[in-house]
Amino acid sequence: MFSSDSNDGSNDGDINSNHKGDIGLLCHYSKPPLSLVPFFGSRRYVGSTADGKDKDLETNSDPAVNTTQLLQYGPFIDRFPVSMRPYLYLTRLDKPIGTWLLYWPCVWGIGMASFATGMPLASMASMMALFGTGAVVMRGAGCTINDMWDVKFDRMVERTKTRPIASGIISRPKALVFLGAQLAAGLAVLVQLNPYTIVFCLGSMPLVVMYPYMKRITYWPQLVLGLAYNWGALAGWSAVAGSIDWTVALPLYAAGVSWTLVYDTIYGHQDKRDDIVAGVKSTSLLFGDNTKVILSGFSATTVTLLSLAGYMNGQGLPFYATVLGAGTAHLIWQLKKVRIDDPSVCWQIFKSNTWFGGIIFGAILADLLYSRYSTDSSNSSDSSRDDNSITDQK
């Protein structure tokens, strides 16, 4: 397991309204800071305290940062103690869209495995809560890893130069200690699972660490991101079943990877000008003006693979009706509405993918409830007929 909320996008302003989003790892699904004014004062950080008064904190000076301006973290983070704010900002805690996009594949796997194994709904809900906690923690750890890797790139890009590590508010040694605490918290969640899942989840860490480097050497970093970000689909299944039925889980995982290529390519179009300057590669740059055509193919692949996973798992009509109906309609809507040269539209379309994830989980849950309710009703009817038959014989 590793690990942004659909806050109202009308005030998603960053340093430059034409540069939105983040390039980060698992965390890079970060809504732009809510309030930038615009970033730093001379060698000091300024943030509002709980009583509304400004308070200064010493920071590391950095020539990459304009030291004549001031940073505020926004209304959510500014509610916390001043010493905590840079670390909360580092984890993108106020921008949970990335956490949702990490979480949805986890509960897809949990839901389909529960359908197959008959796990009680209360146990399923408990497992979902555990994975939700892990998603929050490990998405934050992913942010820290990414920002430690990308500190030089972040200083070159207008919208990321105020990140705590790039700006010098958090030093690399302090970031490393903080990362250790995050990973320890993640491990505390992980050990609540069965041994098979514990070992299996550890296998995702090379992908997590590798992703920031991929942006330097290939135009397909989104593929590596998808492999890491959808690991939870496999882990969710194994957490319920104690092993993995690859005939179901593999197409489910591949569907998530294909979906990631859709939404992260849209996301990357926000930053393509800065990415060219910084030397960052992406499918957004690779696909260019052909983006909509290519993403149509990945969208169709996503729906096809979800349907295959459902078929292999014996899913019923509610699953297929929702996936093929609402799921397909949402992907078509995205590709129709997105304007790849308009960062604000790209951000809104990207952010809407939390609804797609919810639609797919809704399909799984609806089918699970329908199958159990209809089975219980059928068994109840059969029992009633048997009782009547016995009474008649008497």
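Trainee: In this predicted model, is Asp-147 buried or exposed?

Mentor: A residue counts as buried when its relative accessible area is under 20%. Asp-147 has a relative accessible area of 1%, so Asp-147 is buried, and Arg-163, with a relative accessible area of 4%, is therefore buried as well.

Trainee: Which residue forms a salt bridge with Asp-147?

Mentor: Side chains of opposite charge can pair when their charged atoms come close. Here the partner is Arg-163, and the closest N and O atoms of the two residues are 3.4 Å apart. Because Arg-163 lies in the loop between α4 and α5 while Asp-147 belongs to helix α3, the pair ties together parts that are 16 residues apart in sequence.

Trainee: Where in the chain are Lys-272 and Asp-341, which also meet in a salt bridge?

Mentor: The side chains of Lys-272 and Asp-341 come to 2.8 Å, N to O, and they link distant parts of the chain, since Lys-272 sits in helix α12 and Asp-341 in the loop between α15 and α16, 69 residues apart. Lys-272 is buried, with a relative accessible area of 12%, whereas Asp-341 is exposed, at 53%. Elsewhere, salt bridges that share partners join Arg-92, Asp-147 and Arg-163 into one network.

Trainee: At what angle do helix α2 and helix α3 pack?

Mentor: An angle over 145 degrees counts as roughly antiparallel. Helices α2 and α3 pack at about 155°, with their axes 9 Å apart, and they are therefore roughly antiparallel to each other. Their crossing is right-handed, and the residues making the contact include Leu-102 and Ile-110 of α2 and Phe-131 and Arg-139 of α3. By class, this contact has 12 nonpolar, 5 polar and 1 charged residues.

Conventions. Residues numbered from 1 in each chain as written. Predicted model: local features only at pLDDT ≥ 70, side-chain atom pairs only at ≥ 80, totals over all residues. Heavy atoms only, no water. Axes fitted to C-alpha atoms, helices over the stretch in contact; angles between N-to-C directions. Helix = DSSP H or I, 4+ residues; strand = E, 2+ residues; numbered from the N terminus. Parallel < 35°, antiparallel > 145°, perpendicular 65-115°, else oblique. Left-handed = near helix turned anticlockwise from the far one by under 90°. Contact = heavy atoms within 4.5 Å. Nonpolar A, V, L, I, M, F, W, Y, C, P; charged D, E, K, R; others polar. Salt bridge = Lys/Arg side-chain N within 4 Å of Asp/Glu carboxyl O. Buried < 20%, exposed > 50% of the residue type's maximum accessible area, 1.4 Å probe, protein only.
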